[in-house]
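Here is a briefing on one chain and the partner it touches. Look at the structure first, then read the points below.

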Amino acid sequence: MQPFTIHTGKVAGLDRANIDTDQIIPKQFLKRIERTGFGKFLFYDWRYLADGKPNPDFELNRPENEGATILVANENFGCGSSREHAPWALQDYGFKAVIAPSFADIFYNNCLKNGLLPIRLTKQDVDYLLQQSKRVDYELTISLEEQRVYDENGFDRTFEIDPYRKQLLLKGWDEIDLTFVYEPYIVEYEKKHHFIS
Amino acid sequence: MKPKTIIEKIWENHVVYREEGKPDLLYIDLHLVHEVTSPQAFEGLRQKGRKVRRPDLTFATMDHNVPTVNRFVIEDEIARNQITALEKNCQEFSIPLADLYSSEQGIVHVIGPELGLTQPGKTIVCGDSHTSTHGAFGALAFGIGTSEVEHVLATQTLWQHRPKTLQIRVSGRLGDGVTAKDVILAIIHRYGVDVGTGYVIEFTGDTIRNMSMEERMTICNMAIEAGARAGLVSPDETTFEYLRGRKYAPKGEEFEKAVERWRKLATDEGATYDKTIEIDASTISPMVTWGTTPGMSAPVDGTVPHPDDFANETERKAVQLALQYMGLKPGMPITDINVQHVFIGSCTNSRISDLRAAAEIVKGKKVAPGVRALVVPGSQQVKQKAEKEGLAQIFIDAGFEWRDSGCSMCLGMNPDTVPEGEHCASTSNRNFEGRQGKGARTHLVSPKMAAAAAIYGRFVDVRKLQIEPVR
């Protein structure tokens with residue numbers, strides 16, 4: 001996993017609630033057996049017109065959002081299917097973090113496993129950022145160490161993250177390697193509960 | 001001793017390691033695997049030279065990509081690759097697989113219970129959000145992403161934070177024609193698609209107690225549509241009777257011992273939850289979704305709402321976009337919505353009792369002109385049973401297409417899709433934009449409501465139909 005420490009980047013806003021993972025990455029792109037290359041299919045049905053040309057009305061296609069690395073959206077982002085292809089697609093497109101008032105549980109976890117930082121801020125703060133994101137070159141800085149999101153105009157907020165997950169993200173550690181450290185406990189548990197017959 | 005909920009009991013039984021400031025390391029009793037969310041996990045194992053720790057606690061099948069006609073001829077090359085990859089992975093890592101040739105193949109959430117793999121008290125995961133279905137048996141079952149699939153394959157554990165608990169108590173008698181599907185749709189409609197975020201839901205109350213296992217599965221299946229990763233029902237005699245004699249359930253004396261253990265799992269009298277919601281079953285009508293989230297629904301005798309009916313700007317905007325996508329006008333009666341497609345299937349409603357309920361409506365009638373109607377049984381076992389009982393013939397005589405088992409039109413990863421702009425009465429679980437095909441307009445309903453929509457070519461109130469029982 002790519003470590004996440006501090007990041008400054010352009011902000012794109014997607015002012016919708018309940019954006020489900022079917023929108024983030026439609027099912028026709030789930031058949032690939034690789035983890036990479038999903039970025040070009042991100043928000044596919046919203047992003048492209050029937051003839052395959054970019055839909056000029058879709059937020060991410062607007063010139064001011066070109067090169068954005070921080071996505072801001074409304075409540076319950078990432079609901080629906082457990083497909084990890086959703087964070088893979090967001091990350092492959094270039095996003096490093098997603099900010100929303102709330103996230104669906106499975107999506108939130110999936111982001112953390114991939115070094116894509118999901119940040120919960122209040123609805124009021126998100127509304128402010130959605131407004132700001134309409135400006136060309138509006139940037140935010142995210143410091144995971146300080147658990148802080150701030151801009152150059154005085155917006156400065158802290159966010160919550162599980163300390164264990166934070167450590168993994170900061171170091172970019174492989175979780176499975178870490179879990180193997182606890183193997184004696186797993187063996188012990190299996191002795192009590194799950195003999196191999 | 002402090003009274004505990006079933007959620008707390010199962011959790012405590014599975015903690016492998018606990019340390020302040022960390023999630024709990026939780027043991028996983030059953031890991032179900034399908035072709036779409038597993039290839040990258042197996043590839044991850046290979047790259048690091050890791051093994052599958054407990055192939056004996058892992059079970060795989062193929063369901064998402066599977067064609068429902070000519071299932072052995074998969075024309076989509078990428079889909080075929082994914083199926084072949086699962087076969088190879090299962091062989092390489094010695095994982096039992098119900099493949100396309102197996103009489104046990106089916107939708108992973110249909111076959112788990114059917115084979116008796118799903119049992120009370122187990123922790124069950126699968127790279128699929130509808131894993132919550134298995135909670136109907138009093139198991140703690142939840143969907144995971146591919147990284148977590150890899151973690152479970154390698155370690156048979158997951159790092160998890162203890163969830164909050166939400167009790168949804170449903171009491172009273174359901175009206176005729178009102179089904180488990182309508183109960184869960186009504187709950188999501190009233191309390192929202194994120195009422196369960198951060199929670200595990202326990203469904204309680206006499207309405208739930210009086211439900212069959214298959215009805216409970218329909219309810220728990222859609223717990224995720226209410227935002228909860230897991231939903232469950234404390235096990236009881238109905239649960240034990242369902243499991244008795246199933247292939248992977250304990251046998252003979254072992255079964256009786258297991259039942260004694262399972263009985264102790266039920267939530268203790270006086271246990272408390274972080275949140276409780278009460279629902280009066282008699283207030284629930286057959287439901288139809290009109291929008292693009294499972295919460296956007298109305299009783300069949302209601303109307304499509306107006307964006308101005310909603311309290312905040314985000315909701316108004318969402319409703320406006322949804323109506324535009326669905327091609328519906330505010331104020332329009334639900335029964336004026338015409339359908340061109342009907343899909344009876346999916347991990348929500350493709351079990352034998354669902355097909356029986358639909359067949360009762362269909363018997364002796366014909367699918368309306370201009371409607372294409374599909375029945376996709378949830379598993380090979382359901383299919384065979386329905387054929388033996390004569391249900392398949394009832395559907396075929398009425399003009400339905402009778403298909404092979406798989407996820408099919410629920411998400412259209414196989415060739416079963418709904419064309420752009422056309423409406424589908426679907427017994428599945430998600431009416432998201434593009435879910436059943438680009439531009440497809442999905443209406444979630446119960447099997448009875450879907451069957452009636454096939455006959456009339458529009459939504460009708462099943463409570464007003466004359467229904468003859470299937471003989």
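This is a predicted model: local features need pLDDT of at least 70, side-chain atom pairs count only at pLDDT 80 or more; totals for chains, interfaces and linings use all residues.

Residues are numbered from 1 along each chain as its sequence is written, while chains are lettered from A and ligands numbered from 1 in the order in which they are written.

**Overall build of chain B**

- The C-alpha trace of chain B spans about 55 × 55 × 50 Å along its principal axes.
- Chain B holds 15 helices and 19 strands. Helices (H or I, at least four residues) and strands (E, at least two) are DSSP runs, numbered from the N terminus.
- Of the 471 residues in chain B, 59% are buried. Buried means that 20 or more other C-beta atoms lie within 10 Å of the residue's own; exposed means 12 or fewer, partly exposed is in between, and C-beta atoms are placed from the backbone.
- Take the contacts in chain B between residues at least 6 apart in sequence: 77% of them join residues at least 24 apart. Two residues are in contact if their C-beta atoms, placed from the backbone, lie within 7 Å.

**Two helices side by side**

- Helix α6 (residues 180–191) and helix α8 (residues 213–221) of chain B pack at about 25°, with axes 8 Å apart. Axes are lines fitted to C-alpha atoms, for helices over the stretch in contact, and angles run from 0 to 180 degrees between N-to-C directions.
- That angle makes α6(B) roughly parallel to α8(B). Angles under 35 degrees count as roughly parallel, over 145 as roughly antiparallel, 65 to 115 as roughly perpendicular and the rest as oblique.
- α6(B) brings Ala180(B), Lys181(B), Val183(B) and Ile184(B) to the contact, and α8(B) brings Glu215(B), Thr218(B) and Ile219(B).
- By class, the residues of this contact are 4 nonpolar, 1 polar and 2 charged. Ala, Val, Leu, Ile, Met, Phe, Trp, Tyr, Cys and Pro count as nonpolar; Asp, Glu, Lys and Arg count as charged; the others, Gly among them, are polar.

**Where chain B meets chain A**

- The contact takes 52 residues from chain B and 44 residues from chain A.
- On the side of chain B that touches chain A, α5(B) gives the largest share, 7 residues.
- That side of chain B has 17 nonpolar, 24 polar and 11 charged residues.

**Thr197(B)**

- Thr197(B) sits in the loop between α6 and β10 (199–204) of chain B.
- Thr197(B) counts as buried because it has 21 C-beta neighbours inside 10 Å.
- Setting aside neighbours within four places in sequence, Thr197(B) is in contact with Ser102(A), Ala104(A), Asp105(A) and Gly227(B).

- In α2(B), the buried residues are Pro39(B), Gln40(B), Ala41(B), Phe42(B) and Gly44(B). Their cover includes α3 and α5 of chain B.
- In α13 (residues 380–389) of chain B, Gln380(B), Gln381(B), Val382(B), Lys383(B) and Ala386(B) are buried. They pack against α4 (108–114), α12 (352–362) and α14 (391–398) of chain B.
- Gly390(B) follows α13(B), with a positive phi near 90°.
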